[in-house]
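Dear colleague,

I am handing over the structure below, which you have not worked with before. Please look through it first, and then read the notes that follow it.

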Amino acid sequence: MSAFEFRTVPHIVFGEGTSRQLAEKAAPVLKSARRLFVVTDKGVRAAGLIDAPLAALEAAGFTLETYDDVVADPPEAMVLEASARAKAFGAEAVLGFGGGSPMDTAKIVALLATGDQPLSEMYGVDKVRVTGLPLILVPTTAGTGSEVTSVAVITTGATSKRGIASGALYGQMALLDPELTRGLPRHATAATGIDAMVHAIEAYTNKRSKNPVSDALALTAMKLLQGAIERACADGNDMAARGDMLLGAMLAGQAFSNSPVGGVHAMAYPLGGIFHVPHGLSNSVVLPPVLRFNAPVAEAQYSEIAGHIGLKPSSAALIDEMERIAEAVGIERRLSQLGISHNDVPRMAEDVAANDRLLPNNPREMGYDDIVAMYEEIL
Ligand SMILES: [Zn+2]
């Protein structure tokens, strides 16, 4: 057995209705902190998801300041503005409540609010030198797993993103209440669910840091998600399916936070960065060609995943199943459906080929010509 390390959020609360118990569940994490800075977005606010938890926190004696200006693909200026607000408020703890963007923003705000290290010095791997404020994360989507990952991604220019990867980004508690995901539209449910399956698949096939803990989490995540995505899409009020999806996405998040994603995410990033295709959808579209490309060297691992979720143990069965799920839930399958044409391929492929953070995780080496061929396959 190879040596490995595994880290995750120390305290996880899961269950229907648990968001209404946020004040009591959070008490041991918040300790003496009384001034709580809440990071969310207008959509979460408008849906009324956060009203009851915040009212309960106020009733329990917390002083709250809510920042609800988070937008998708959080721009650097917005993150800095939120951090300045937290500092001016005298925040003693941070609560991130929403999808991947509010949670990523909250993770960085918890670090910046201490004022001890500028954001510009945090980009990259293990560059964070500060211990952040106590941080609680509450997801309202089932996909990113951001509530248990040590990564946050920020938009730094028109088409550029930068990431922070550091153990300092782990929160002290993740609270998962399937009720909060009940109102997610069908298309977003499908795309983010498939993204979570991609997290599990890529964690399981990472050639550098795959380990027995991430493997176990990835396989369990695959089983939960495979069974639940279609049920949740068919009936958004199927709370058993919603719960399985939220749990599966979290387990996949724990897996890929320790055994990071590879070629599928590398191929997906230009779709988001250049064409603003949502993250989950981007990954779903590029998944089949990357699986086919990797299959000759990842046959054993893809077969193990396929066998674990009740399919014939072969890479072909796994690829067929992923394509079948995308078809069944009505997810776009071709780049042309997303407004991307043949002429865009070279620019996107150059971006991917330059991704020296993710490509080394992929089971099979991907060169520029391979990347072009994979995009061409799904035009
Ligand atoms: Zn993803």
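The notes below go through the sheets, a pair of helices, a pocket and a cavity in turn.

Please keep in mind throughout that this is a predicted model.

I begin with the sheet of six strands, which is open and has the order S1-S9-S6-S4-S2-S3, with parallel pairing. Strand S1 (12-14) and strand S3 (63-67) stand at its edges, and each has a single partner strand, so one side of each is left without a neighbour in the sheet. Neighbouring strands of this sheet are turned against each other by 15° on average, if direction is ignored. At one end of the order, strand S2 (residues 35-39) runs parallel to S3 and is joined to it by five bridges, and here Leu36 stands opposite Leu64 in S3. Helix H4 (residues 76-89) lies across S2 and S3, and its direction is at about 165° to that of S3.

A further open sheet is formed by three strands in the order S5-S8-S7, with mixed pairing. Its edge strands are S5 and S7, each of which pairs on one side only. The two kinds of pairing can be followed strand by strand: S5 and S8 pair in the parallel sense over two bridges, with Ala165 in S8 as the bridge partner of Val125, whereas S7 and S8 run antiparallel and are joined by five bridges. Ala152 stands opposite Ile164 in S8, and S7 and S8 form a hairpin that has five residues between its strands. Helix H5 (residues 100-112) packs on this sheet, where it touches S7 and S8, and its direction makes about 100° with that of S7.

Strand S5 (124-125), strand S7 (151-155) and strand S8 (161-165) each supply at least two residues of its lining, as do helix H9 (263-275) and helix H12 (345-353). The lining has 23 residues, of which Lys161, Arg162, Tyr269, Asn355 and Arg357 lie nearest the centre of the pocket. By class, the lining divides into 12 nonpolar, six polar and five charged residues.

Turning to helix packing, the axes of helix H7 (residues 212-234) and helix H11 (residues 315-328) come within 10 Å and cross at roughly 30°, and the crossing is left-handed. On the H7 side the contact involves Met222, Gln226, Ile229 and Glu230, which meet Leu318, Glu321, Met322, Arg324, Ile325 and Ala328 in H11. This contact has six nonpolar, one polar and three charged residues.

Finally, how many cavities of 30 Å³ or more does the structure hold? There is one, and the largest cavity has a volume of about 40 Å³. The residues that line the largest cavity are Ile201, Glu202, Thr205, Val264, Leu291, Asn294, Tyr302, Asn362 and Pro363, and the elements that give two or more residues to this lining are helix H6 (186-205) and helix H10 (279-308). Five residues of the lining are nonpolar, three are polar and one is charged.

With best wishes

How values were computed
Residues numbered from 1 in each chain as written. Predicted model: local features only at pLDDT ≥ 70, side-chain atom pairs only at ≥ 80, totals over all residues. Heavy atoms only, no water. 1 Å grid on protein atoms, 1.4 Å probe; cavity = no way out; pocket = protein on both sides within 12 Å on 5 of 7 lines; lining within 4 Å. Helix = DSSP H or I, 4+ residues; strand = E, 2+ residues; numbered from the N terminus. Nonpolar A, V, L, I, M, F, W, Y, C, P; charged D, E, K, R; others polar. Pairing = 2+ DSSP bridges. Axes fitted to C-alpha atoms, helices over the stretch in contact; angles between N-to-C directions. Contact = heavy atoms within 4.5 Å. Points joined across faces, edges and corners; volume = space filled by probe spheres on them. Left-handed = near helix turned anticlockwise from the far one by under 90°.
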